[in-house]
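Subject: Structure handover

Hello,

Here is the structure I promised to pass on. My notes follow below it.

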Amino acid sequence: MATFKQTRVGGKLVKQLAVAAALCTASVAQAGVLNFEGAVSPFVFANETVTDGKYWMTALGGAEGDLTGMFINGAEQADICAGAELKCPQNNSSTYYAALADSYLVFGLNSGNSFRLDSFSASFIGTGGALTRGLLLLQGYGQDGLALGGALQIALPVAVNGQYNFGTFNLGAAFSTEYAAVRFLGYGCDASGMCFRNLNGSNFAIDNIVTSADIPEPASFGLLGLGLLGMAALRRRKHAA
């Protein structure tokens, strides 16, 4: 009988452990948005890292100290984006980031945790030259700093009546891996579809970068604690028997 009772109690313990493990893996997706509204200085220089809320962003390209980007208030951009010098998107009245001078950017979470890139808004920024449209290459990186999978190509909206506008890109399964960092690399393209970098024309605007990550649900920890208490009670009953 002793052996039989011990086996039954052990079976219950195994079941409790399985339940506890399942509860421990329960998670909830938490989303966040990098919208650049927390920018302190309007200017960003080569190799400079800035933070905005729970995100960091590094501007790359160009020599140390070169001006490579700006945070632009779309409602007050007339003095910055005027004439043929800089053709900025017109359908965004909030703050966005403009990657200029063939620069590009990498961003991630301040916590260092991995995340999914769900969507973002972006536009080409024209300079009045032969490069009249743009595309972005998205590349994700793992915790070891190595690229995960291939790059995803995104064609930016073309100008309508000479005016550029932001488009919103929902990535879904096309970019569903969790990354430690994501790079946005721009190209400028001519009317024939040939795309180039390093011609001072691969400029782009970006805003409202939406990310998500699966984290343990707080309620799961409470349920896990109850499961552990139950296992302790079963152990006491076993010893009492």
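Is L67 buried or exposed, or something in between? L67 is partly exposed, because its relative accessible area is 39% (buried means under 20%, exposed over 50%, partly exposed in between, with a 1.4 Å probe and protein chains only).

Some ground rules before the rest. This is a predicted model, in which local features need pLDDT of at least 70 and side-chain atom pairs count only at pLDDT 80 or more, while totals for chains, interfaces and linings use all residues. Residues are numbered from 1 along each chain as its sequence is written, and side-chain values use heavy atoms, leaving out hydrogens and water.

Surface patch

L67 belongs to strand β5, residues 67-73 (strands are DSSP runs of E, at least two residues, and helices are runs of H or I, at least four, numbered from the N terminus). Together with F43 and F45, L67 makes a nonpolar surface patch of about 250 Å². Patch residues have over 30% relative accessible area and no salt bridge; nonpolar side chains (Val, Leu, Ile, Met, Phe, Trp, Tyr) are joined within 5 Å, like charges within 9 Å. The areas come from the Shrake-Rupley method with a 1.4 Å probe, and for residues only the protein chains shown count as cover.

Aromatic pairs

There are eleven aromatic pairs in the structure. Rings of Phe, Tyr and Trp (its six-membered ring) pair if their centres lie within 6.5 Å; planes under 30 degrees apart are stacked, over 60 edge-to-face, the rest tilted. Y96 and F166 form an edge-to-face pair, 5.2 Å centre to centre with 70 degrees between the planes. This pair links distant parts of the chain, 70 residues apart. Y96 sits in strand β6 (residues 95-99), F166 in the loop between β10 (152-155) and β11 (167-170). Both residues are buried.

F107 and F184 form another pair. Their ring centres are 6.0 Å apart and their planes meet at 25 degrees, so the pair is stacked. F107 is in strand β7 (residues 104-109) and F184 in strand β12 (residues 181-189), 77 residues apart. Both F107 and F184 are buried. They also belong to one aromatic cluster with Y55, F115, F120 and F169.

Charge over a ring

R197 lies over the face of Y187, 5.9 Å from the ring centre. The rule here is NZ of Lys or CZ of Arg within 6 Å of the ring centre and within 35 degrees of the ring normal.

Salt bridge

How many salt bridges are there? The count comes to one, where a salt bridge is a side-chain nitrogen of Lys or Arg within 4 Å of a carboxyl oxygen of Asp or Glu. E178 pairs with R116, the closest N and O atoms being 3.1 Å apart. E178 lies in the loop between β11 and β12 and R116 in strand β8 (residues 116-124), so the bridge ties together parts 62 residues apart in sequence. E178 is partly exposed at 32%, whereas R116 counts as buried at 17%.

N203 is in the loop between β13 (195-196) and β14 (204-216). N203 counts as buried, at 3% relative accessibility. Its side chain reaches the backbone nitrogen of A101 at 3.0 Å and that of D102 at 3.5 Å. A polar contact is a pair of N or O atoms within 3.5 Å; within protein, one must be able to donate a hydrogen and the other to accept it, and residues adjacent in sequence count only if both atoms are side-chain atoms.

Best regards
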